[in-house]
Amino acid sequence: MWLRFKSLIFFFLPSLLLAKIDFNRQIRPILSEYCFACHGLDDPKGGLRLDFADFAYQGGKSGFPAITPNDLEESEILHRVVSTDMEERMPPKGDPLKPEQIKLLRQWISSGARYAMHWAYVVPKKPALPKVKDQEFIKTPVDTFILAKLEEKGWKPSRPEKKEKWIRRVSLGLTGLPPTLEEFENFMQDDSPKAKEKVADRLLASSRYGEHWARQWLDLARYADSNGFQADQLRDSWAFRDWVINAINQDMPFDQFTIEQIAGDLLPNATTDQKIATGFHRTPTCNVEAGVHPEENRVNQVFDRVNTTGTTWLGTTLECAQCHNHKYDPFSQEEYFQMFAFFNNTPLEVENKSGKGVSFDFWGPKMELPSPADKQKERETLNADLSALKKQLIALQKAGNVKYKEWTQQKLEITTERDPQWQVLIPTKAFSDGGETLRIVRDGSLLAEGKPGNKSTYQIEVSIPAGTWKSFQMETMLHKSMKQNGPGRNTTNANPNFVLTEMIVKVEGASKPLDFARVEADFNQGGFLPGQLFDGNLESRNGWAIAPEFGKAHWVRAEFSEPLVLGKDSKLQVEMKHLYGGGRNVGRPRFSLSTDGVKKGEAENKRLRELLAKEKRNGKEEKELRAIYDQENPKLLALQKKVGDLEKDLNKVTPPTTLVMVEMDEKRETHVMARGSYLSPKQKVEADVPRVLNDWKQDWPKNRLGLAKWVVDPENPLTARVVVNRWWGQFFGSGIVSTEEDFGSQSEPPTHPELLDWLAVEFMEKGWSMKHIHKLIALSGTYGQSSRVTTAILERDANNRFFLRGPRFRMTAEMIRDNGLQVAGLLSDKMGGPPIYPPQPDGLWRQTGRNEPKYIAAKTEDRFRRGIYVVWRRAAPYASFVNFDGPDRSACHPKRSRTNTPLQALTLLNDQAYVEMALGFAVSILEQTQGKSDEDRVTHAVRRALSRDPSALEIEVLLGLLNEQSERLKSDSSIAEALCSQAPEIKLVKKLEKDVVGAWFFVANVLLNLDETITKG
Amino acid sequence: MNSHPVDQYLRTLTRRQLFQRVGLGVGGFALANLLKNDLSAAPQNPFAHFAPKAKNVIYFHLIGAPSHLDLFDYKPELQKRNGELCPKAMFEGKQLAFIRSRPILLGTSKESMFEFKKCGKSGIGISNLLPHLQTIADDMCFIRTLHTEQFNHAPAQMFMQTGFERFGRPSLGAWTNYGIGSPNEDLPGFVVMVTGQYPGAGNSVFGSGFLPSVYQGIEFRGKGDPVLFLSNPQGVDSTARRKVISAVNQLNEMQLDGVGDPEIATRISQYEMAYRMQTSVPELKDISKESQITLDAYGAKVGGAGFANNCLLARRMVERGVRFVQLFDQGWDHHSGVFSRLPGKCKQVDQPIAALIKDLKERGLLDETLVVWSAEFGRTPMGQGTGGSGEKTVIGRDHHKEAFTVWMAGGGTKPGHVHGRTDDLGYGIADSPVHVHDFNATLLHLLGMDHERLTYRFQGRKFRLTDVHGHVVKDVIA
């Protein structure tokens, strides 16, 4: 069937040549809206298809031709659309066709019912420039097409824009930033005929150009710094973002730009940069929540790659053919999976690290970024050292194998020696200076009750039976009165820790405390060692604590330096000093003595005993046991430490990574998936491209590289058109085809089809140069018209589709922030590198799941760099960007909406980032206008914010506000203090009074909030 | 001002044209907003297809998915066969997130707090874990046979809320906001409150997808500014703020005079609205004037934050005309320790939700307010005994997409009613299945919208919340 269909294409005439009724402009939209969903490629109802002439003339199962050229009677479609019988009427549901639509159909049929290939699938040819009258208006060839249409309608374009407004528009349009005062002055004074071109050339050559235009491309590339989904952990892919910026700055030909991103890895002798470029398709989201099915993840990512390729380059909604044949456009489900096959040969992107259970981590091919030569050298040396050491380590461990078994036997004997027997000592007195009572419990312990003292010292007396004692023990026991049952009484935070600074143990009547030779505890918190209990050091932290081992009883044991020989009725006095504070007191101590000594490593022994006692040890346990064994070998310990240190050093010189595409050696088989589900594979398919588009050339490899070449082949009817149209949309607010994301039969027809084709061909002819096309547009008379909206313009063309005036619309989220920073004099021009963290409100990053990253606002110049570098976390993108229609970049985002909301007002008025900008702006105004009048200062400020001089009325409003606030701030110095304190990162020059800065803050705040300030007008 | 281009322009537009421009975003929408008062005689909403049963929605999404089998769907047979290996058909070839070997059947706990009680005149069984909800069973309308297509949290949350398992589609609240707007201009039409951590799918579950971003859910936060950037910076009091806005708007008006772009007129009105929000939102959040009886009924605290406070705020929002209020509560994903952890979670939500429904009823608001209890899926009637790394854990329940219970109250739903029946083991559906698309179609229907006609054109296609599926479940409509 396809062969036959293909042959039909040659008989279609381009729509331009058809007289009277234009099928593509007038008829296709009607058929597409009312008919194709049921009578198109996908499972046509009654066997009837209306999307191609042959099918329509032949008719469906009924045998009646739906359409017979030049014969209204024999055209069933006409009977059906006018029928009042709902059994017969078409469409069967919804509104009927409008009378004018029916009239068009009749005219079309009676004039031959000629179909034409959908315009977007016909290769563009460069039309001749139309002849126009008003030569004054023509600045670049682009203008002839615009003017021709206006003259056809008898309309006149607007006058050229004022010079000051023009330079702001063009600067914002090309670089996303307003002109600096200097750039502004230079242009205003330049009366040469080349003045405008000089500006355009300067802007196109600026690095700011790539930073601005990369934004749109990264929306398409769904570039973000996180995985999306549960936990939404961060990933390193920013080298790709920088690659895009650099490529645009270098004006890399768009065909090369395309090939490197789709298939840079497959180019012969691919360079590092070409591999980085493939990050374009490593941006899809990845779900790593426990229990995901890795294959489902992978298939979803491939879907995403196919669909994004379709939207970005072909302006085609391929995803409509994912589950069934496309309802409107000539793409079958089989063709969808043929495209899928190109992308089906990359590895899985989640891995189960432990090899057990259902926990997954994000994985997939990564590439190290090149690092400077000296670092590279250092790394090589370190690596060499490390591997040498590791060899030694392995050799030592091997040598140890010989005695390992023997050791375990010995240890088993030692550790099964009986534990010391402890004789509990019964307290006779107990007192705390912190106010709590120490109640004597029947088991000999003391339970602290009542409100814990902040820093309590317990004084306790216990009686000792006569005998010779070798060691002393204190247990910290549990009780339900404590949080998590204890063992401490901490009152400052949620945990039940204690910090015991010092213990003094004395025999009643003795002059000196007892001396201990060895101290052991079952556990200690890092740095809070049990030995510090008896060292006489009363520094509050110099003691014993047990976090995070809460809810468990603990012990500390100490062996006397000399055995303690005592007679009858002896008593021991114990002093426990808790000097850390916050009620971190032991909740239930108990004391005992033993006639045995304290064994070295008693705590470890317990675990060792457990390990040795096991009949069968699993891998983890065996490793643990072996580690204990190895620890007794000082040589091995020293070597391990060396290895650890080296690894740390190596980490410091290890370069960051970026995500790249890698083709597997063995290709996966691709099958059509019923209803788009990977669980229902159907017939096998091979990689191929949709037949309705350009032919595949024999010398292309059937892989991503071939696909990329097909995409940018001059015969591809879509790519160049789609790309230039999207740029046009950025300049003018809307594309020549207003549905910038869709060029299919459901799209809006182009307002200026010849212009679109001219630009597309010009683009390809001039070496796919983006800057060339941008210059043609930026310098055009169309772009350079006044943007004033008059009544006549509103009545004629409210949406400015015919360009009766210049563009005027709100900037994007990033532009608004960049513009504010530039106006305030804060913008840093540092380029590239890991994402930046400007200030945002607390508590916005709180995603569920493992390893959630933290948001810590930058305190360096990173705070003031361009929006393109701001960290893009999919679950919670930068808050002020969201309020200005920034997408979450979870999927290819071809076009941002442009809303106008109260939340935007609140953002510009109150967001910390904008408060800082206003304060910075105020400081900068004052610094740069020293000795000037307030009026001069207002003029200076307005020039910076709006690239123009203020009117007298505007000055009056701003000065009014300034004076009013000035009064208020003078009346109470704390106000200015509070205001200025909010921008700790803005350096206030000491000479400036805070109340003056504060008053100018209000002027700056107003200027940064104006509609004009956030508008490219 | 008669000669002003904006005025003249406005006169040339009919309301219908204005709304046609809504689809194009931008100026049209804003203008329509600006003109609402002048054109109040015209129909307010382009997608108000028929008279609504419900005007507002309060939608609870219990993130992680509560164990419906232990709360709303008692299965004597499952109880009887507790501990048996499950039938092979319930395990083999099934999509389960954690369970990797044939599991046992798991009835509910035998402790008395897990017992089911027949409640009210309707005699609907509700677990003792929810004693407050037990008292309002006769107001509730249960669907015991909801089923979904996704078995991992994030995709299932998106499927439930946006009708699609991947990113990029508008949420139910956004569709509602787009379809019928919101009567209060000083508050967002779609408000979201989250207790605990965010859902795994992030903001997308209340996002606007391809719809203009004005329709997305605006989060009211417990800590910090209730709405982001609501409060003035230090040193700017409300008088100073008023002066700033006046100055901004004076300058914007001069610009409008010179340039004539209607978008500037919209900007002016948005700044005024922002100023009003700075008063209306704190007023909304201030529950200090609520009676002690009301506060106690919810368990809400003046100056507090949390689920109970959010329930009370939800009532205050619908009173003020917020169209769609959505509460997300984290912490219901009981893979392990379901019997030890479920009671605590129930205790947090039971009283406030029941109090909210009673309160709405007493104020005569329940008839026009649709309350929904939902989750991304249910939990298995089989026990799960291992965790994410394959380690042994206290028994819990895995994700279950085949059948689970949701319920509604008010808003034109049938009170004291149960729709659908699961099979004896609570695994599959015995009778009257309801797909997620059916459920969403039904919710839109109650709001007066035809889910087949609530469309938005994007990338050459008219998109719907329910894709090309969905049937209104007539049986749950009063």
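A residue is called buried if 20 or more other C-beta atoms lie within 10 Å of its own, exposed if 12 or fewer do, and partly exposed in between, with C-beta atoms placed from the backbone. The model is predicted, so that local features need pLDDT of at least 70 and side-chain atom pairs count only at pLDDT 80 or more, while totals for chains, interfaces and linings use all residues. Residues are numbered from 1 along each chain as its sequence is written, and chains are lettered from A and ligands numbered from 1 in the order in which they are written.

Select A:Asn70 to begin. With 11 C-beta neighbours inside 10 Å, A:Asn70 counts as exposed. This residue is not a glycine, yet its phi is positive, at about 65°. A:Asn70 sits in the loop between helix 4 (53–58) and helix 5 of chain A; helices (H or I, at least four residues) and strands (E, at least two) are DSSP runs numbered from the N terminus.

Next, select A:Met90 and A:Pro91. The peptide bond from A:Met90 to A:Pro91 is cis, and its omega is near -10°. A:Pro91 belongs to the loop between helix 5 (76–82) and helix 6 (99–110) of chain A.

Continue to A:Ala547 and A:Pro548, which are joined by a cis peptide bond with omega about 0°. The loop holding A:Pro548 runs between strand 13 (544–545) and strand 14 (554–566) of chain A.

Finally, select A:Arg889, a residue other than glycine with a positive phi near 60°. A:Arg889 is located in the loop between helix 27 (879–883) and helix 28 (902–910) of chain A. A:Arg889 is buried, having 24 other C-beta atoms within 10 Å.
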